[in-house]
Amino acid sequence: WSQRLKGDYTLDEAASDVLALADHLGEGKIHLVGHSMGALVAQSVAALKPSRISSLTLLCPVPATGFKADAERLASMRAVAKGGKALQEGIHARTGNRNGEGFAAAKARIARRAASPEIKEAYLGLFTQADISDQVEGLSMPVRLICGKHDLPFYQMAAQKKRFAKW
């Protein structure tokens with residue numbers, strides 16, 4: 001779990017970690033897959049070392065511009081990160097309200113154990129403040145977007161196609 005790891009919890013650090021893992025595994029060019037914030041990390045890896053990336057597959061991706069949030073939305077996201085009822089409501093929203101309370105409770109338990117509040121706050125900043133759009137514009141590797149019909153509107157395909165049109 002990430003709560004045992006120390007670091008700066010920045011986008012550059014996460015992208016460097018991916019490249020270090022690929023190096024450790026002896027991989028040269030890679031096909032990189034990322035989900036949500038991991039997709040933002042994948043885009044950062046592609047911007048840092050485009051010659052290492054054969055293709056990107058991005059599932060419900062946070063775009064290269066990050067997830068811009070006003071003060072009210074940021075407060076709501078912080079409440080989700082802290083846990084409790086807001087976390088379970090967030091889980092329901094992000095799964096299309098298609099699963100029961102038992103599912104949300106189980107996912108919430110996993111989320112609470114996965115990272116400390118300090119790490120969650122740092123990643124929330126990464127998620128909402130990153131903007132690497134100037135670095136990814138014009139990258140030439142193939143990019144596949146995968147979005148679900150039950151995703152939040154921000155993550156649905158129509159919105160994502162507009163964001164990724166410059167690729």
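The following questions and answers concern a predicted model of one protein chain.

Reader: In what order do the helices and strands of the protein chain run from the N terminus on?
Author: The protein chain of this predicted model has eight helices and three strands. Read from the N terminus on, its elements follow the order α-β-α-β-α-α-α-α-α-β-α.

Reader: What radius of gyration does the protein chain have, and what would a compact globule have?
Author: The C-alpha trace spans about 45 × 40 × 30 Å along its principal axes. For 167 residues, a compact globule would have a radius of gyration near 15 Å. The value for the protein chain agrees with this, since it is 16 Å.

Reader: What percentage of the residues in the protein chain is buried?
Author: A residue counts as buried when its relative accessible area is under 20%. Of the 167 residues in the protein chain, the buried ones make up 37%.

Reader: How much accessible surface does the protein chain have, and what part of it belongs to carbon and sulfur atoms?
Author: The accessible surface of the protein chain comes to about 9,700 Å². The part that belongs to carbon and sulfur atoms is 54%.

Reader: Among contacts between residues at least 6 apart in sequence, what percentage joins residues at least 24 apart?
Author: The count concerns contacts in the protein chain between residues at least 6 apart in sequence. Among these contacts, those that join residues at least 24 apart make up 69%.

Reader: Which residues of α4 are buried?
Author: Helix α4 comprises residues 84-94. What covers its buried residues includes α3 (71-82) and α5. The buried residues of α4 are Leu87, Gly90, Ile91 and His92.

Reader: At roughly what angle do the axes of α4 and α5 cross?
Author: Two packed helices are described by the angle between their axes and by the distance between those axes. Helix α4 passes α5 (residues 101-114) in a right-handed crossing. The two axes come within 9 Å, and the crossing angle is roughly 115°.

Reader: How do the residues of the contact of α4 with α5 divide into nonpolar, polar and charged?
Author: On the side of α4, the contact is made by Gly84, Leu87, Gln88, Ile91 and His92. On the side of α5, the residues include Phe103, Ala104, Lys107 and Arg112. The residues of this contact divide into seven nonpolar, three polar and three charged.

Reader: Within what distance do the axes of α3 and α6 come?
Author: Helix α6 covers residues 117-129. Its crossing with α3 is right-handed, and the angle is roughly 145°. The axes of the two helices come within 10 Å.

Reader: Which residues of α3 and α6 make the contact, and how do they divide?
Author: From α3, the contact is made by Leu74, Met77, Arg78 and Ala81. From α6, the contributors are Lys120, Glu121, Leu124, Phe127 and Thr128. These residues divide into five nonpolar, one polar and three charged.

Reader: Is Asn97 buried or exposed?
Author: Asn97 lies in the loop between α4 and α5. Although it is not a glycine, Asn97 has a positive phi of about 50°. Its relative accessible area is 58%, and the cut-off for exposed is over 50%, so Asn97 is exposed.

Reader: What is the phi of Ser36?
Author: Ser36 is found in the loop between β1 (30-35) and α2 (37-48). Ser36 is not a glycine, yet its phi is positive, with a value of about 55°.

Reader: How far apart in space are Gly7 and Ala47?
Author: Gly7 is found in the segment before α1 (11-24) and counts as partly exposed at 30% relative accessibility. In sequence, Gly7 and Ala47 are 40 residues apart. In space, C-alpha to C-alpha, their separation is 21 Å.

How values were computed:
Residues are numbered from 1 along each chain as its sequence is written. This is a predicted model: local features need pLDDT of at least 70, side-chain atom pairs count only at pLDDT 80 or more; totals for chains, interfaces and linings use all residues. Side-chain values use heavy atoms; hydrogens and water are left out. Axes are lines fitted to C-alpha atoms, for helices over the stretch in contact, and angles run from 0 to 180 degrees between N-to-C directions. Helices (H or I, at least four residues) and strands (E, at least two) are DSSP runs, numbered from the N terminus. A crossing is left-handed if the near helix is turned anticlockwise from the far one by less than a right angle, and right-handed if clockwise. Contact means heavy atoms within 4.5 Å. Ala, Val, Leu, Ile, Met, Phe, Trp, Tyr, Cys and Pro count as nonpolar, Asp, Glu, Lys and Arg as charged, and the others, Gly among them, as polar. The radius of gyration is taken over C-alpha atoms; the globule rule is 2.2 Å times the number of residues to the power 0.38. Buried means under 20% relative accessible area, exposed over 50%, partly exposed in between (1.4 Å probe, protein chains only). Accessible areas come from the Shrake-Rupley method with a 1.4 Å probe; for residues, only the protein chains shown count as cover.
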